[in-house]
Amino acid sequence: RGPGSARPQPLEPSLLRFLVCPLSKRPLRYEEATNELINEELGIAYPIIDGIPNMIPEAARTTQKKPPAEGLKQP
Amino acid sequence: RALLVRRGGALRALCGSVRGLAAGQETHFGFQTVTEAERREKIYQVFESVAKKYDIMNDSMTLGIHRVWKDILMHKMNPSPGTLLLDVAGGTGDIAFRFINYVRSVRERQLQRKLKHHQNLSWQEISESYQEDKFKSLGDSQVVVCDINKEMLKVGKQKAQHLGYSEGLSWVLGNAEELPFDDDKFDVYTIAFGIRNVTRIDLALQEAYRVLKPGGRFLCLEFSHVSNPLLSRLYDLYSFQVIPVLGEVIAGDWKSYQYLVESIRRFPPQEELKAMIEDAGFLKVDYQNLNLGIVAIHSGFKL
């Protein structure tokens, strides 16, 4: 089952109170259209799969053309 | 033999720290020496492999006693309704479900006591008060389960659905060393049988400190060290002779359970872990041995 499965489960709304970007610890914006949590500053988007936000930096996609500057840790 | 391994390991780690910049810091995976990156990967694979049989294996290996340890942790926590709990490495939900049960029963007793005082009210008034409390059967308590392993979370979420847990429970895929939570948010942070698998324990402890509210409590339930020589020998025998075999028979996975047993031996003993917790800034750090040190609960406060 991939992230593009038929009806993406929405995020538990109360989580938005606590969740921040694990790298910058700054707030995130919930994008309903793509079901992602966006860090505008760093230009990365964390996917929400089956209602579970994936907050591992390595799993995030970049929202801009160029990749983020800092080196990411290996999983 | 274990002492030699430990000393050898420490020496290797020292050399590793000089050489280790390209391949990543050297560390251990059970009794093997690996880079940090390799360790993370191997541990991820262990839990990916055992996820579906995790609960059964826990029951088999500990003869069900792990349930008692977790119950003791919950009683020690003694959460009141309205508590915000972050359960890290909480994968299959054991601690989270116990938390929900606990605050629910505390809440029920609160409501019962409240109703007793309503002897002189009309039926209308009583039913109204019942209704507003009905939507707060947990009294605003919440638990966030955070785990780095997708498979473990998947099992946890399925269990929750199966057992009927939904209110006040949420799941996040995240790294204990780099938590995706804001500062000063949680009343309690727990990590049960998880910290042993974290590669940089110091970072995980710092993150635990960061996300806790002032006054918040850190609780760690983990395998520890047995000082009693007779029990220690029996425990070693059981660990190295029985557990990997159980792993093979029940989960078809000898290696993962070999890792488990080795990782317990590699993990810092009670006093050393206490010092690490204090280094992260926690105060009034203490520990309680269960079963003569087979397991220990460490506790600290952010004050």
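A polar contact is a pair of N or O atoms within 3.5 Å; within protein, one must be able to donate a hydrogen and the other to accept it, and residues adjacent in sequence count only if both atoms are side-chain atoms. The model is predicted, so local features need pLDDT of at least 70 and side-chain atom pairs pLDDT 80 or more, while totals for chains, interfaces and linings use all residues. Residues are numbered from 1 along each chain as its sequence is written, chains are lettered from A in the order in which they are written, and side-chain values use heavy atoms, without hydrogens and water.

**Exercise 1.** Describe the interface of chain A and chain B.

Step 1. The contact (heavy atoms within 4.5 Å) takes 22 residues from chain A and 27 residues from chain B.

Step 2. About 2000 Å² is buried between the chains, 60% of it on carbon and sulfur atoms; this is accessible area (1.4 Å probe) lost on being put together, summed over both.

Step 3. Between the chains there are 9 residue pairs in polar contact, both at pLDDT 80 or more.

Step 4. The salt bridge count is 1, a salt bridge being a side-chain nitrogen of Lys or Arg within 4 Å of a carboxyl oxygen of Asp or Glu. K25(A) and E207(B) form a salt bridge, with their closest N and O atoms 2.8 Å apart.

**Exercise 2.** Find which residues of chain A and chain B form a salt bridge, and how far apart the closest N and O atoms are.

Step 1. Take the nitrogen side: K25(A).

Step 2. Pair K25(A) with E207(B); the separation is 2.8 Å.

Note on methods
Buried area is the accessible area (1.4 Å probe) that two parts lose on being put together, summed over both.
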